[in-house]
Amino acid sequence: MEGILATVEVKNGNGRYYPRELWEREIDKFITKIQQNTTESCGELDHPDSQVVNLKNVSHNINSIWWDGDNIMGKIEILPTPSGNILKSLIDSGITVGVSSRGMGSVKQMGETLEVQEDFELLCWDFVSTPSNPGSWMYAEGKHTMNESLNTGIKEYAKVNEIIREILCAHGSCPLF
């Protein structure tokens with residue numbers, strides 16, 4: 001599978017803004033993880049509330065990552081694990097899945113946007129039902145279509161996500177993202 005993993009310098013559905021320099025630093029680190037072919041380039045099916053990738057929940061491995069303008073692109077291998085088999089079944093059934101970065105760090109309120117700060121550390125990318133990054137939908141190689149009804153759901157989800165973010169981040173700090 002391949003597609004957009006993240007887009008730099010845009011406000012995402014969670015109200016977060018990631019500066020280019022931050023992503024460049026983290027992508028350089030992640031490329032090293034891929035080259036070393038360790039479990040650090042793996043991800044899970046759904047975001048857990050954890051700062052580590054739980055190996056019994058791994059569904060995929062990121063095989064390559066590259067820049068395409070402001071988009072961080074990736075090629076992902078679905079693994080024959082229990083979570084990977086669930087993911088494969090969804091995809092084989094024609095369901096488009098999203099991908100979302102998981103990391104830790106602080107944010108700074110800048111008007112209606114939360115700017116991700118220098119202490120951000122990218123942990124991995126997980127497959128999710130609704131990604132906060134615009135366009136982070138994964139497709140089987142050669143397929144690049146999306147169900148039109150999905151676009152409406154993304155907008156509604158983003159609004160709900162914004163309300164939740166406002167509640168959780170009201171005091172200047174946000175939980176793990």
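Predicted model: local features only at pLDDT ≥ 70, side-chain atom pairs only at ≥ 80, totals over all residues.
Reader: Good. Which residues of α1 are exposed, then?
Author: Glu21, Asp28 and Gln35 are exposed, and they sit on the other side of α1 from the buried residues, which are Arg20, Leu22, Trp23, Glu26, Ile27, Phe30, Lys33 and Ile34.

Reader: Where do those buried residues fall when one looks down the axis of α1?
Author: Seen that way, the buried residues of α1 fall within an arc of 135°, so they line one face of the helix. As a general point, an α-helix has 3.6 residues a turn, so residues three or four places apart point the same way.

Reader: And which strands does that face pack against?
Author: The buried residues of α1 pack against β1 (2–7), β4, β5 (71–78), β6 (97–104), β8 (113–116) and β9 (121–128).

Reader: How far apart are the end C-alpha atoms of α1?
Author: They are 24 Å apart, which agrees with the 24 Å that the 17 residues of α1 should span at 1.5 Å a residue.

Reader: What follows α1?
Author: The helix is followed by asparagine 37, whose phi is positive, near 50°, although this residue is not a glycine. Asparagine 37 is found in the loop between α1 (20–36) and β3 (42–44).

Reader: Is asparagine 37 buried or exposed?
Author: With a relative accessibility of 60%, asparagine 37 counts as exposed.

Reader: Which loop holds aspartate 46, and what is its phi?
Author: Aspartate 46 is found in the loop between β3 and β4 (58–68), and its phi is near 80°, again a positive value in a residue other than glycine. At 45% relative accessibility, aspartate 46 counts as partly exposed.

Reader: Changing topic, how many helices and strands does the protein have?
Author: There are three helices and 10 strands, and from the N terminus on they run β-β-α-β-β-β-α-β-β-β-β-β-α.

Reader: What share of the residues is buried?
Author: Of the 177 residues in the protein, 42% are buried. The protein exposes about 9,400 Å², and carbon and sulfur atoms supply 52% of that area.

Reader: And what about contacts along the chain?
Author: Among the contacts in the protein with a separation of 6 or more, 66% come from residues 24 or more positions apart.

Definitions and conventions. Residues numbered from 1 in each chain as written. Heavy atoms only, no water. Helix = DSSP H or I, 4+ residues; strand = E, 2+ residues; numbered from the N terminus. Buried < 20%, exposed > 50% of the residue type's maximum accessible area, 1.4 Å probe, protein only. Contact = heavy atoms within 4.5 Å. Areas by Shrake-Rupley, 256 points an atom, 1.4 Å probe, with all protein chains shown as cover. Expected span 1.5 Å × (residues − 1). Arc of directions from axis to C-beta.
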